[in-house]
Amino acid sequence: TILITGAAGQLGSELTLALANMHGGDRIIATDINEASACKFDYCRFMPLDVMDRQKMAEIVKTETVTQIYHLAAILSATSEKNPIFAWNLNMESLLSILEIAKEQKLNKIYWPSSIAVFGPNTPMQNTPQDCVMDPNTVYGISKQAGERWCAYYFEKYGVDVRSLRYPGLIGYKSMPGGGTTDYAVDIFHKAIEGEDFECFLSEDTYLPMMYMDDAIKATLDLMHAPAEQIKVRSSYNLGGISFSPKEIHECIKQHYPNFNISYKPDFRQEIADTWPDSIDDSAAQNDWGWQHSFGLEEMTKDILANLPAYLVNLK
Ligand code: VAH
C-alpha cells in the first residue's frame, strides 16, 4: 500500500491520481489534514491525517501494511515566512517521524519533495549546479535544506531508501497552489480565461525555474521506479524545466488572449524570489536516471489554455 500525505495539495492532487493510475486505486491511501478533501478521492481510499501525529501515522502504516510513503504535506515559502516556528516544526517533525517509521517498519521507499528554495543569495544563479553553496534565508528553504541532510543521513546510517527532487515552481491546471512564491504562474492562467486583468506580486523581470505539472509528475515516477543503484544523490536531485519571467509568460498568453493585461505590484514574496536561482542544471538527474523534461513555455501555455476552461466547468 502507498500512503500519500498532503494528498489534497497542489502536487498531491495530481501525484495521487498518477499513482492510482499506475498501481490501482485500491493500493493507495490518500491522506490530508483537510477532511473535506475526502470528496476529491473517489478513485482511492482517503483518511484524515495530521502529519504531526506520529503515533497515528505509525498505526496506519502497521494496520494498512503501508510499504511506501510520499510525504508531500508541508508549509510553503510564503506562508512559512508568516509562521516561522510553526512551519519549521511541521516541515521537520513530520519528515523525521516518517523517516523513523520507515526505519522501524522497514518501508520499501519514501518520497519527499525538496525545492529550489534550498538555494540562497550566494548560490550561482544561472544553471545552478547540483553541489554548490546553499545559504537559504527563508524558513521554507532552511527546512528543505535541513530535510535533505536528514534524508541523506537516514539513507547512509540506516539504509532507508528515501528519494527526493528539488522542484522548481510547479504549474498545473488541475489544482490550486497554496502559499507559494511561484503561485502567480498558476493564477495568471485563471485570470486570462476569466477575461480579467492580472496583478502580479513579482516584478516583470523576475526569472524563476518552473516546470509543467505533467513533467514534475513524470520526474517523480521516473525517480521512484529507477533501480536503487542508479540513485547516486540521496540529499535531493536538481530538477530543471523552463525558466521565465512574468513578462515572458504574459506575452506567451497574449498570443491566445490579445487583450489580456498585466500590472506589477511586488510584495514580500519578491524578496523570497530574489534569493532563488534563475535556472537549474539538472545533468545529475539526466545522467543517473535519464531525466528529460518535455514541456516548454509555449507547449505548457497551449496545454493549460486548452484544458483549464473545461476543467473549471466540470468542477462546478
Ligand atoms: C513555493 N511552489 O513557492 C513552492 C516551491 C520553488 C517554489 O517550493 O514555495
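What does Lys218 count as, at 39% relative accessibility?

Analyst: Lys218 counts as partly exposed, because its relative accessibility is 39%. Keep in mind that this is a predicted model. The cut-offs matter here: buried means under 20%, exposed means over 50%, and partly exposed covers what lies in between.

Lys218 has a charged partner. Its side chain meets that of Asp222 in a salt bridge, with N and O 2.6 Å apart. Both residues sit in helix α7, which spans residues 213-225. They are four residues apart, about one turn of the helix. Asp222 also counts as partly exposed, because its relative accessibility is 25%. Side chains of opposite charge can pair when their charged atoms come close.

This bridge belongs to a wider set. The structure holds eight salt bridges. Another is formed by Arg269 and Asp267, whose side chains meet at 2.6 Å, N to O. Asp267 has 26% relative accessibility and therefore counts as partly exposed. Asp161, Arg163 and Arg234 are linked in a network of salt bridges.

Arg166 and Glu148 give a buried case. Their closest N and O atoms are 2.8 Å apart, and they form a salt bridge. Arg166 lies in strand β8 (residues 165-167) and Glu148 in helix α5 (residues 139-158), so the pair ties together parts 18 residues apart in sequence. Both Arg166 and Glu148 are buried.

Three strands make up an open sheet in the order β6-β8-β12, and the pairing is parallel. At the edges are β6 and β12 (237-238), each pairing on one side only. β8 and β12 are joined by two bridges and run parallel. Tyr237 in β12 is the bridge partner of Leu165.

From β6, follow the chain towards α5. The loop between β6 (114-115) and α5 holds Thr123. With a relative accessible area of 3%, Thr123 is buried, because that falls under the 20% limit. Its side chain makes polar contacts with the backbone. It reaches the backbone nitrogen of Gly120 at 2.9 Å. A polar atom of the Thr123 side chain also lies 2.6 Å from the backbone oxygen of Val133. Leaving out residues up to four places away in sequence, Thr123 touches Thr128, Cys132, Val133, Met134 and Asp135.

Now back to the chain just before α7. Strand β11 covers residues 208-212, and five of its five residues are buried, so the rest of the structure largely encloses it. Cover comes on both faces. Leu208, Met210 and Tyr212 are buried on one side, and Pro209 and Met211 are buried on the other. In a regular strand the side chains alternate between the two faces of the sheet.

β11 also has strand partners. Strand β9 (residues 169-171) is joined to β11 by three bridges, and the two run parallel. Leu170 stands opposite Met211 there. Three bridges also join β11 to strand β13 (residues 242-244), but these two run antiparallel. In that pairing, Leu208 stands opposite Phe244 in β13.

Helix α6 is another covered element. It runs over residues 184-193, and seven of its ten residues are buried. These are Tyr184, Ala185, Val186, Ile188, Phe189, His190 and Ala192. Gly195 follows α6, with a positive phi near 70°.

Just after α2, Thr65 takes a positive phi of about 40°.

Finally, the annotation. An unreviewed UniProt entry places the feature "domain: NAD-dependent epimerase/dehydratase" at residues 2-240. In this model that span is 39% helix and 17% strand, and its end C-alpha atoms lie 27 Å apart.

Methods
Residues are numbered from 1 along each chain as its sequence is written. This is a predicted model: local features need pLDDT of at least 70, side-chain atom pairs count only at pLDDT 80 or more; totals for chains, interfaces and linings use all residues. Side-chain values use heavy atoms; hydrogens and water are left out. UniProt positions are given in the numbering used here, feature names are shortened, and annotations may be inferred rather than shown by experiment. Buried means under 20% relative accessible area, exposed over 50%, partly exposed in between (1.4 Å probe, protein chains only). A salt bridge is a side-chain nitrogen of Lys or Arg within 4 Å of a carboxyl oxygen of Asp or Glu. A polar contact is a pair of N or O atoms within 3.5 Å; within protein, one must be able to donate a hydrogen and the other to accept it, and residues adjacent in sequence count only if both atoms are side-chain atoms. Contact means heavy atoms within 4.5 Å. Two strands pair if DSSP finds at least two bridges between them.
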